[in-house]
Amino acid sequence: MRKFLLAAGAAFVALSGSASAQEVFVGVFGHDVTFIGSALGVGAAGKEDGVDIMVGVRSDRWERAPWLGKPKFYAQASANTSGDTSFVSGGLVWPIDFGDEDGFYFQPGLGLAYQDGYSKLPSFREPNLTPQELQRRIDLREERIEFGSKILFQPELTLGYRFNEKIAAELSWVHLSHGQILASGKNEGLDDVGVRLVYSF
């Protein structure tokens with residue numbers, strides 16, 4: 001957990017300390033929700049509990065990359081209140097306004113995440129396990145996600161509303177999985193759905 005916090009702190013200092021930092025946000029998300037996975041087929045595990053508290057920063061648009069759609073950079077950290085999987089992530093988002101700058105916008109994004117949960121759960125088929133250890137490992141299969149990799153893709157879809165030039169609110173879906181690209185084999189995913197409050201400098 002200490003390494004996780006240090007990594008999150010380094011990401012925030014790097015982006016928020018730069019001249020390009022434009023937005024900060026804080027959000028509350030349902031952790032490992034399953035209705036999105038059932039609807040879209042992206043495969044939430046539906047095993048873990050708690051609420052995720054998410055904080056992050058975003059840059060201004062990258063004007064030097066019109067070929068990439070002038071995205072914004074982001075860095076964020078998500079901490080689970082039940083001690084289940086937390087993560088840090090960073091990547092790109094593309095705000096698309098519906099008309100005026102104040103009002104609704106759509107914002108897809110794609111990044112990479114580092115999770116502090118299980119890449120691989122301990123086997124309950126190992127010989128000479130005590131009854132207590134065997135039961136603990138069996139319980140883990142029901143209670144924790146087996147991601148298959150520490151490094152994961154983190155796509156997201158966001159619908160936001162700007163109340164004014166400073167304040168916006170967002171409804172967002174965030175997904176974590178390795179997609180059989182960053183790793184192979186087991187690939188239980190995580191879906192978070194929640195709301196963010198955004199402040200622009």
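Me: In which strand is the place of Leu-171?

Reply: Leu-171 lies in strand 8, residues 167-176, where helices (H or I, at least four residues) and strands (E, at least two) are DSSP runs numbered from the N terminus. This is a predicted model in which local features need pLDDT of at least 70 and side-chain atom pairs count only at pLDDT 80 or more, whereas totals for chains, interfaces and linings use all residues. Residues are numbered from 1 along each chain as its sequence is written, and side-chain values use heavy atoms, with hydrogens and water left out.

Me: Why does Leu-171 count as partly exposed?

Reply: Buried means under 20% relative accessible area, exposed over 50%, and partly exposed in between (1.4 Å probe, protein chains only). Leu-171 counts as partly exposed because its relative accessibility is 47%.

Me: Which residues make the nonpolar surface patch?

Reply: Patch residues have over 30% relative accessible area and no salt bridge, with nonpolar side chains (Val, Leu, Ile, Met, Phe, Trp, Tyr) joined within 5 Å and like charges within 9 Å; a salt bridge is a side-chain nitrogen of Lys or Arg within 4 Å of a carboxyl oxygen of Asp or Glu. Here Ile-96, Phe-98, Phe-104, Phe-106, Leu-157, Leu-159, Tyr-161, Phe-163, Leu-171 and Val-195 make a patch of about 910 Å², an area from the Shrake-Rupley method with a 1.4 Å probe.

Me: Which strand gives the largest share of the nonpolar patch?

Reply: Strand 7 does, with three residues; strand 6 (103-115) and strand 7 (151-162) each supply at least two.

Me: How many helices and strands are there in the chain?

Reply: The chain has three helices and nine strands, in the order α-β-α-β-β-β-β-β-α-β-β-β from the N terminus, and 42% of its 201 residues count as buried.
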